[in-house]
Structures are given as structure tokens and as C-alpha cells.
Amino acid sequence: MEIARPYLLFLGDVPDALAAKTAVGIVDWRKDWCIGQIRLPGCAADTGLTDMSISEGASAGAKTLVIGAVNAGGRLPDHWIASIVEALDSGLDIASGLHVRLGDISEIREAADRNNAQLHDVRHNSMTFATGKGTKRSGKRILAVGTDCSVGKKYTALAMDRAMSERGYKSSFCATGQTGIFISGRGISLDAVVADFISGAAEWLSPETEEDHWQIVEGQGSLFHPSFAGVTLGLLHGSQPDGFIVCHEPTRTKMRGVETPLPTIEQVIETTIQLGRLTNPAIQCIGIAVNTAALEDDEALAFLAKVGEKHGLPATDPVRYGMEAIVDKVSAEFGAP
């Protein structure tokens, strides 16, 4: 799948920044690939890019309109269709990470056909996967897990990959969601894989490699989230991590989108080890990544110090303070590069 750049990011009329996390993630890691953003009336998210109309974006050289918003169930709201059709008629391709296939919507399919445009459904692929086997394979792996969904697992994995590479480790990022695929250019959207094959898809994504090569696997969902735990467990078993990083957002009391109370970091560590031992008996927690965006600097540092001391692990905010402390933990437990 080759998605033409630069991107024009479509945020629709999403209610908050988390609902535009695909667009925000692309800007945070691939801003040079982007020209501007389109926001409909009522949109409460902002990537910081220049607001444009579709015609302005096309005139500025945009090649692909990326649907940078997400929602429960991955649906495409009916009132977004007109904007997508307008983009196709303006000469742009469309790329989407939603569950719905663009070509299944007649107005979009017809507009793509008459303009000879490409429709990229990043969440879907034509591959078939084997069921997971759980057989030990060479190489090393780190998985980001979470106390909830949307707590920073992708950012943690990307930041860890960057920090390990800068330290001299052989490292690569393995994308398991639509935003990660837009950022890395390769990956599998695991929540679109048939349940029986999730662990097998994770094995395919993080295959046997050199013993000193680290694959940093983007996490999905949470073992404690009633909506997404199935995907999370399949990813845990298939990625067979040697180490995992617990990702957490400290201001939440309930899991996103449901009434389920948030688990503790300790519960996540214990459960991840218990379940992860099925495919890697040596699995261990190597750090805690906290999204401290809602905290002032002194509050953030105090919270990280408290959490780190409580669990005997390095604790950091990957965006605010970097991942060096957790890379130090890797070096202490597994050796220098």
C-alpha cells in the first residue's frame, strides 16, 4: 500500500483531541508529510496545522485526504461523506483507518471511479494469517500495555524505539493500529483481524530475527477493558514480549467509553505477567510510561517519583521526559548493545 504524500488531514467534527488521535499522531511524528487540516463546524480538536478548505489543500499540493478521526466502532458519519466526495472530485486520494471500507459507500466508490482515485483502507488488508503457535523465536521484543485504551501506548513504543536506536541498539517499531501504520508505512491493524488469528498476526508482525534485535510492539486496548481485552490478550500472546511497559493516564477513574473502574498499575503488571508467561515464561515489566499532559511540571515529577518508587521501576513521561531511564533498565536486565 503506497499512500501518496503530502497529506491533508480531515478531523471532521470530533468532540475532543482523543477522537482525532490519528491526525494528532501523524502530526507529532510525521509533520513534514502534512500540508494542513480540515475541521467541520463544532470540531473540538486541533493538530496545530493550518486550517484549509479542500480546494485550498488541493491547490497547495495535497495528494491524499487522510481521515484522521476515530470513533467507537470505526464508523464513517453520514455527514462526512460530502467532504470526502469533494476531495475525490478535487483530485485527491482518500486514506482511512476506520473499520468501514470506503468502497462500500456508493457515493465514495462512484466518485473514486470517475476520478480514477485510490481508496486506501489502512485498517484492512488482503493477507491471511495462521493461528498463533506460541513457539519461542529468536530476537527480543518489548510490548506497550495499558491501564486503559488511549493512554499513550503508541507514543511509548515510538519513543522507546527512537531512544533505543539512539543508544545503539538494533531496534524497529511494529505498528498494530491505523495511526502507527500511517506513521511507519507498515503494520497490521489487529482490531480488524478475525479473533482466531490475532496472535498469529502478531507473530507475523514480530517475526524471528537476530538475537540482538529489539522489536518494539505498539500495544492495543487493555486486558481490563471489557470492549478490547480480546485484542490485547491475542497481541500479548503473539508478540511474546521479553519486557513490557505499562502505560497510564493518572486523572482517569473509569475506562474510556465504559463504566468499568480503572485498574491499578500493580494489577496490570501482575495480570500481564500471569497471562504473558504462556508464551514467554521470562516476561517482565521494565518500566512505567505516564501521560502527564494534565499535570503541571512539579505535579508530574512528583507523581512519577512516587509511582517509580512504589513499583521499583523507572517511570517517565515519554513525550515530556524521554525514555532514557527505561532504556537503562533494558541495559541492566538484558545487556548493553
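Two strands count as paired if DSSP finds at least two bridges between them. Helices (H or I, at least four residues) and strands (E, at least two) are DSSP runs, numbered from the N terminus. The model described here is predicted: local features need pLDDT of at least 70, side-chain atom pairs count only at pLDDT 80 or more, and totals for chains, interfaces and linings use all residues. Residues are numbered from 1 along each chain as its sequence is written, and side-chain values use heavy atoms, with hydrogens and water left out.

- I94 of strand β4 (residues 93-96) stands opposite L119 in β5.
- Three bridges connect β4 with β5, and these two strands run parallel.
- Strand β3 (residues 64-67) also pairs with β4 in the parallel sense, over four bridges.
- In that pairing, V66 faces A95 of β4.
- Buried means under 20% relative accessible area, exposed over 50%, and partly exposed in between (1.4 Å probe, protein chains only).
- Both faces of β4 are covered, with D93 and A95 buried on one side and I94 and S96 buried on the other.

- Strand β1 (residues 7-12) is mostly covered, as six of its six residues are buried.
- In a regular strand the side chains alternate between the two faces of the sheet.
- From β1, Y7, L9 and L11 point one way, while L8, F10 and G12 point the other way.
- β1 pairs with strand β2 (residues 34-39) in the parallel sense, over five bridges.
- The bridge partner of L9 in β2 is Q37.

**Nonpolar cores**

- A nonpolar core is a set of buried Ala, Val, Leu, Ile, Met, Phe, Trp, Tyr and Cys residues joined through side-chain atoms within 4.5 Å.
- The largest nonpolar core has 71 residues, of which L9 and M160 touch the most other members.
- Helix α5 (residues 153-167) gives the most to this core, with seven residues.
- Contact means heavy atoms within 4.5 Å.
- Leaving aside residues up to four places away in sequence, L9 touches A23, I26, V27, C34, G36, Q37, I38, L49 and V66.

**The six-stranded sheet**

- Six strands form an open sheet in the order β7-β8-β6-β9-β10-β11, with parallel pairing.
- The edge strands are β7 (170-174) and β11 (315-316), each with a single partner strand, so one side of each has no neighbour in the sheet.
- Strand β10 (residues 284-290) is joined to β11 by two bridges, and the two run parallel.
- Across from I288 in this pairing stands A315 of β11.

- Helix α8 (residues 229-239) lies across β6 (140-146) and β8 (213-217), and runs at about 165° to β6.
- Axes are lines fitted to C-alpha atoms, for helices over the stretch in contact, and angles run from 0 to 180 degrees between N-to-C directions.
- α8 is mostly covered, with eight of its 11 residues buried.
- Among the buried residues of α8 are V231, L235 and L236.
- The buried residues of α8 pack against β6, α7 (198-205), β8 and α9.
- α8 packs with helix α9 (residues 265-276) at an angle of about 55°, and their axes are 10 Å apart.
- The two helices are therefore oblique to each other; angles under 35 degrees count as roughly parallel, over 145 as roughly antiparallel, 65 to 115 as roughly perpendicular and the rest as oblique.
- The α8 and α9 contact is made by L233, L236 and H237 of α8 together with T272, L275 and G276 of α9.
- Just after α8, Q240 takes a positive phi of about 55°.

**Two single residues**

- T22 has its place in helix α1 (residues 21-30).
- T22 counts as buried because its relative accessibility is 1%.
- Not counting residues up to four places away in sequence, T22 touches I67, G68, V70, Q178, T179 and F182.
- S126 lies in the loop between β5 (119-121) and β6.
- S126 is exposed, with a relative accessible area of 75%.
- S126 and D16 are 110 residues apart along the chain, and their C-alpha atoms are separated by 32 Å.
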